[in-house]
Each structure stands twice: as structure tokens, then as C-alpha cells.
Amino acid sequence: MASYSELANRPVLSQPVYEAGRPIEVVAREFGLDPSTVIKLASNENPLGPSPLGLAAARRALENAHLYPDGGCTFLREKLASRWSLKPSNFVVGNGSNEVMILLAQAFLRPGDEVVFGSQAFVVYKLATLLFGASPVEVPMPGFRHDLAAMRRAVTERTRILFLASPNNPTGGTDDPSAIVDLAGSLPDDVIFCLDEAYAEYLEATADLRPLMASGRKVVVTRTFSKAYGLAGLRVGYLVGSEEVCGLVNRVRQPFNVNLPALAAAEAALDDDAHVQRSRRANAEGVAQLSEGLRRLGMEFIPGSANFLAAKVRGAEDAFKALQRKGVIVRPLQGYGMAGWLRLTVGTPAQNERLLGELAAFR
Ligand SMILES: *Cc1c(COP(=O)(O)O)cnc(C)c1O
């Protein structure tokens, strides 16, 4: 009798499984804790919570939960178009930006293709690459920073996509916007440059790839409502690119990939500049608080402007477990080839203080 594995698509057999931040309720149950006392600083979520405008819109939308959502995400794409000074046809909305990256890979990758990204890049790039039988080309990141020149040199005639996140997750390092534009403009015509800007709202300046897009270069940008907008649980992200690339990615998208309350929330949250500003300010203060605290503890960390820091912690893997027992969830990074490091999401001032207090045991 044939096993399911014998019948499965080959790449599925060796596909790694994404390891997410551990949920509060699961940790609380495992360690016998009251969930209301557990803090999650593991998935770069917004400690200020969801955009209030987004939340109110999602609640209103639930009244119509018997109706299918607008599969074309008409209003959200119109709003995005006006924000970006582009056309609605320049956007594809997905169930998180994670989904649009998978859709991009599905539309363009086949066995034999190569995909270039950093050795400590966001793991979804590798998952998307392997899922469609393409080969990852992981470019070393000296000091856990992208080496853009080395990434350019890693491009061959087999390369189909180059992924770059700035800031990068999990390292937190940011690349200079003009260096990003230069890299994007230097790539051969048959390579798609995908710039992942999940943390754009926390930055002072981002790379503007619209001129390259307009001139027909193969560049796409991904953004998300999961971070500064505080809607991680609703799953909305989007891809920005030429009408042609969006049209192709759209063909592999499920008709109703973004659900009704999520779509309503994203539309409203996009206008919630106050929440984004508040989140940006609170984050800058939180980054300073954590950085100072880590310095005081004598712990090495990678400076950054995203809403998390990677820190070198003695016995990191044990610390990850011990912290959970104390009701503090963080993220171990050994899966990223960063054994000994933990990724710490910026929380509220009180949460940051508590985290630093617990970390003191692992100096
Ligand atoms: C969090 C994150 C995303 C966003 O994922 P969603 O699917 O939109 O929640 C994308 N890229 C990076 C680098 C991230 O850290």
C-alpha cells in the first residue's frame, strides 16, 4: 500500500515547518500560569494593540459575516493607490504579506530556479523557495548585516527572485534606502527584486522603488498591517508592483483570501495615522529602554529601529524556557543559525522592565 508520503509532491517532503512565537494561552496552560499575567514579546506584535479605527470597523463588519468579502479588495486597493500615488491595479492584497510572498513564488518559481536572500533573512523566503522546488542561495551576513554587494554577486542566470527585508527580521538591521535602490536597479531584467517592508512605519526613511517600477524594472514591495497597524491576528498584507506582475500574482490568489472583518479593519486602519504615530513614538522609546537595559546587563545586541532587538543571552535556549516559566515569551533564534541569541519584541514600558528584570538571571 502506498503511503501518503510516496504520493506527495516532492518538495512537500522536505519542506521545513514554520516555528511561530508561542501563544499566551498555550504557555499559560503548560506552565500553570494565569494567561492574564503572561506577556508575549515573541512575534513583533504591537504592544499598543490594534488600530482603534480598524477594530471598530472589524466589529461593524462582523454583522455582515454571512456575506462573502469583496474578493477584489476594491476599496482597500483604491485607498492604497491614493496613498502610494499609483493605480489600484498596482496592488494585490493577501492574507498577511506572508501570503503574497508565497503567491509571488507560486507564480514565478519552478525547479532549477534560484532565489537569493541573506543567511539570516526572514524564513518565509526559504519556505516559499523550497515549496516550489527552487533552490535557496543564502548569502552570508557578516555581523548579521546584509552584504548587498555579495547578494548582487550571488545572482546568476538561474536567479528568479531576490528577497530583501529592511529592517530584516530576526536581526533587526536596516539597509540604507539609496543602497537598496541601487541594488534593485542593478539587477538583470529577468530577476524580480522583492523588498519586504514589514516594518516600514517604524523607519525615518524607506527606499522609494516607484521610479524603477515605472521604468519597467522588475521590482515589487510588500507591506503588512500586522506590525505598526496592530492587526496581526486579522492577517492582511499587500504587494505593490506593476500592473502586469499584479495581474499574474492575482491569478494564483484564492478568490476570497482576505476575510470580511480583516478587509474592513485594514481599510479603516490605513486612515489611522494617529495610531501609527503613537506606535512609532512608543516603539522608539521602547527600543531605547531595551537597548539601555541590555547595555546595563552587559548583553550584546544588534542595534536597530524595528520593534524588536536580537540579543545574545547566556544559555539562550534554556533562558527561553525559563522565561516562559516566569510568564515571558520571547523567540529563540537557533533555527536562524543564531544559537545563543533571543529576539525580543519591544513591549510596553512595564513589559520591557519585566523582561529586563528576568533577563538579569542570564548575564
Ligand atoms: C512580520 C513580518 C512580515 C509580516 O507577515 P504578515 O504575514 O504580514 O503578518 C513580513 N516580513 C517580515 C520580515 C516580518 O518580520
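Reply: What follows describes one group of aromatic rings. This is a predicted model, in which local features need pLDDT of at least 70 and side-chain atom pairs count only at pLDDT 80 or more, while totals for chains, interfaces and linings use all residues. Residues are numbered from 1 along each chain as its sequence is written, and side-chain values use heavy atoms, with hydrogens and water left out.

The structure holds eleven aromatic pairs (rings of Phe, Tyr and Trp, the last by its six-membered ring, with centres within 6.5 Å; planes under 30 degrees apart are stacked, over 60 edge-to-face, the rest tilted). One of them joins Trp 84 to Phe 91, an edge-to-face arrangement with 6.3 Å between the centres and 70 degrees between the planes. Trp 84 counts as buried because its relative accessible area is 11% (buried is under 20%, exposed over 50%, partly exposed in between, with a 1.4 Å probe and protein chains only), and Phe 91 is likewise buried, at 3%.

Phe 225 and Tyr 238 form another pair, this one tilted, with centres 6.0 Å apart and planes at 50 degrees. That pair links distant parts of the chain, since Phe 225 lies in the loop between β7 (219-224) and β8 (237-240), whereas Tyr 238 lies in strand β8, 13 residues apart (strands are DSSP runs of E, at least two residues, numbered from the N terminus). Both Phe 225 and Tyr 238 are buried.

These two pairs belong to one group: ring pairs link Trp 84, Phe 91, Phe 225, Tyr 229 and Tyr 238 into a cluster.

Terms used:
Helices (H or I, at least four residues) and strands (E, at least two) are DSSP runs, numbered from the N terminus.
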